Amino acid sequence: MSDNTQTGGIVTLKDSATLNVGAEGILRNGKAKSGGAIYGGSNVTINISAGAQLTNNYATNDGGAINVSTGATINITGGTVNNNEAHE
């Protein structure tokens, strides 16, 4: 992965998209300016459930693990979100 990724080091969602991360969904070691693992545009839905792992992601600006735009919905009903960093 390039250190120059602008948004979503692993996943970038376009406006109104849906992402489901569940069992065995591992988003690890992503790096971007915004949203080390996931960046979502306007009105996206992100569902994180049991078994998902968002770990060791890094953003130089916003959202170590997840960064979203206006109107987004993030549902976390399980899983592990840890050791993510953002530095602005």
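**Before you start**

This is a predicted model, in which local features need pLDDT of at least 70 and side-chain atom pairs count only at pLDDT 80 or more, while totals for chains, interfaces and linings use all residues. Residues are numbered from 1 along each chain as its sequence is written, and side-chain values use heavy atoms, with hydrogens and water left out.

**Stop 1: the whole protein**

Show the cartoon. How many helices and strands are there in the protein? It has zero helices and twelve strands. Helices (H or I, at least four residues) and strands (E, at least two) are DSSP runs, numbered from the N terminus. The radius of gyration, taken over C-alpha atoms, is 12 Å. The globule rule (2.2 Å times the number of residues to the power 0.38) also gives 12 Å for 88 residues, so the protein is as compact as a globular protein of that length. Along the principal axes, the C-alpha atoms fill a box of roughly 30 × 25 × 20 Å.

Now colour by burial. Buried means under 20% relative accessible area, exposed over 50%, and partly exposed in between (1.4 Å probe, protein chains only). Buried residues make up 39% of the 88. Contacts are heavy atoms within 4.5 Å. Of those with a separation of 6 or more, 82% join residues 24 or more positions apart.

**Stop 2**

Two strands pair if DSSP finds at least two bridges between them. Strands 4 and 8 pair over three bridges; strands 8 and 12 pair over two.

Zoom in on Tyr 58. This residue of strand 8 is the bridge partner of Lys 31. In strand 12, Tyr 58 has Glu 85 as its bridge partner.

**Stop 3: the nonpolar core**

Select Leu 13, Ile 38, Ile 46 and Leu 54. These have the most contacts inside the largest nonpolar core, which has 14 residues. Such a core is a set of buried Ala, Val, Leu, Ile, Met, Phe, Trp, Tyr and Cys residues joined through side-chain atoms within 4.5 Å. Strand 1 (11-13), strand 2 (18-21) and strand 6 (45-48) each give two or more residues to it.

Centre on Ile 46. Beyond four places in sequence, its contacts include Leu 13, Leu 19, Ile 38, Ile 66 and Val 68.

**Stop 4: Val 21**

Select Val 21, in strand 2. Val 21 is buried, at 6% relative accessible area. Not counting residues up to four places away, Val 21 touches Leu 27, Asn 47, Ile 48, Ser 49 and Ala 52.

**Stop 5: Asn 57**

Finish in the loop between strand 7 (53-55) and strand 8 (58-62), where Asn 57 is found. Is Asn 57 buried or exposed? Asn 57 is buried, with a relative accessible area of 1%. A polar atom of its side chain lies 3.3 Å from the backbone nitrogen of Asn 29. Beyond four places in sequence, Asn 57 also contacts residues including Ile 10, Gly 36, Ala 65 and Asn 84.

Terms used: A polar contact is a pair of N or O atoms within 3.5 Å; within protein, one must be able to donate a hydrogen and the other to accept it, and residues adjacent in sequence count only if both atoms are side-chain atoms.
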